[in-house]
Amino acid sequence: MGFLKTFREEIQIIRERDPAIKSNLEVFLYPSVRAVLKYRRSHSLYKKKHYFLARWISQRSARKTGIEIHPGATIGKGFFIDHGHGVVIGETTVIGDNVTLYQGVTLGGTGKEQGKRHPTIENDVMISAGAKILGSFTVGAGSKVGAGSVVLEEVPPNSTVVGVPGRIVKRDNIRIPAEDLDQIHLPDPVRNDILALQKENKELRKLITEVLNETKTYSSQHDL
Ligand SMILES: CC(C)(COP(=O)(O)OP(=O)(O)OC[C@H]1O[C@@H](n2cnc3c(N)ncnc32)[C@H](O)[C@@H]1OP(=O)(O)O)[C@@H](O)C(=O)NCCC(=O)NCCS
């Protein structure tokens, strides 16, 4: 009964999120379904400290699906990985409800942290193809991570992050201006100093000319 319920949920998730699916039967062809069902089994074994068996199931599943989910990861309801090749989810990753990943996503560590080393992904997050999220920070609910991004820092809720390293380009659907991220039109202090000196020089020349003219006029008026 539990399996059937899970399976029905999987059908519903895939039909909602992949416009390419044409019939319920096709759900069997999605590596995500197999990977998630195997993950649920291996995670329950992991929690009972049957570490070897848990890893054995997850590694077998990884070989067949191209989706490696460590049994220690915590994953909520409505999880879907579209296409699935080259997905890696680390041991201390925490994933909320209704999260979608695409192929080539890594939820990994930087190699510099101990304990909680992998990200926390809150509800309703979408992580696009090839994105890498590295470290123990949180990606806030409702956020989107662009294809090919490398995210190394906390992401507030309802944000869009793109690029390498990831930068927030939208928050609550409002574009974040990129002026302060302009790497081409950087301030040039030497040029600014030269311009200021040129301006000062011009003003001084004007002043001297005025004084000389006034002196000349005064001299001619007083026969000096
Ligand atoms: C990030 C994404 C989800 C769009 O999110 P969004 O909130 O609707 O953002 P927008 O499309 O309004 O883009 C916002 C800005 O980010 C830029 N941007 C979007 N995706 C980007 C990416 N992957 N890399 C770099 N810049 C990107 C846009 O050009 C835009 O820049 P601008 O403000 O200078 O015009 C989408 O662009 C994306 O990457 N989708 C990939 C989905 C996927 O993996 N598909 C695979 C199917 S097999």
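A search of the whole structure, a predicted model, finds one salt bridge. The partners are arginine 117 and glutamate 91, with their closest N and O atoms 3.0 Å apart. Arginine 117 sits in the loop between β7 (106-108) and β8 (120-121), and glutamate 91 in the loop between β4 (87-89) and β5 (94-95), so the pair ties together parts that are 26 residues apart in sequence. Arginine 117 is partly exposed, at a relative accessible area of 25%. Glutamate 91 is also partly exposed, and its relative accessible area is 25%.

The ligand is surrounded by 14 residues. The closest are Ala129, Ala147, Thr160, Lys170 and Arg175. By type, the shell divides into six nonpolar, five polar and three charged residues. For alanine 129, the distance from a polar backbone atom to an oxygen atom of the ligand is 2.7 Å. For alanine 147, a backbone N or O atom lies 2.9 Å from a ligand oxygen. A side chain also takes part: an N or O atom of lysine 144 is 3.5 Å from an oxygen atom of the ligand. On its own, the ligand has 920 Å² of accessible area, of which the protein covers 53%.

At the level of the whole chain, the protein is divided into domain 1 (2-181) and domain 2 (187-224). The centres of domain 1 and domain 2, taken over C-alpha atoms, are separated by 69 Å.

Technical notes: Residues numbered from 1 in each chain as written. Predicted model: local features only at pLDDT ≥ 70, side-chain atom pairs only at ≥ 80, totals over all residues. Heavy atoms only, no water. Near = heavy atom within 4 Å. Polar contact = N/O pair within 3.5 Å; in protein donor to acceptor, adjacent residues only side chain to side chain. Areas by Shrake-Rupley, 256 points an atom, 1.4 Å probe, with all protein chains shown as cover. Nonpolar A, V, L, I, M, F, W, Y, C, P; charged D, E, K, R; others polar. Domains from an automatic or database assignment. Salt bridge = Lys/Arg side-chain N within 4 Å of Asp/Glu carboxyl O. Helix = DSSP H or I, 4+ residues; strand = E, 2+ residues; numbered from the N terminus. Buried < 20%, exposed > 50% of the residue type's maximum accessible area, 1.4 Å probe, protein only.
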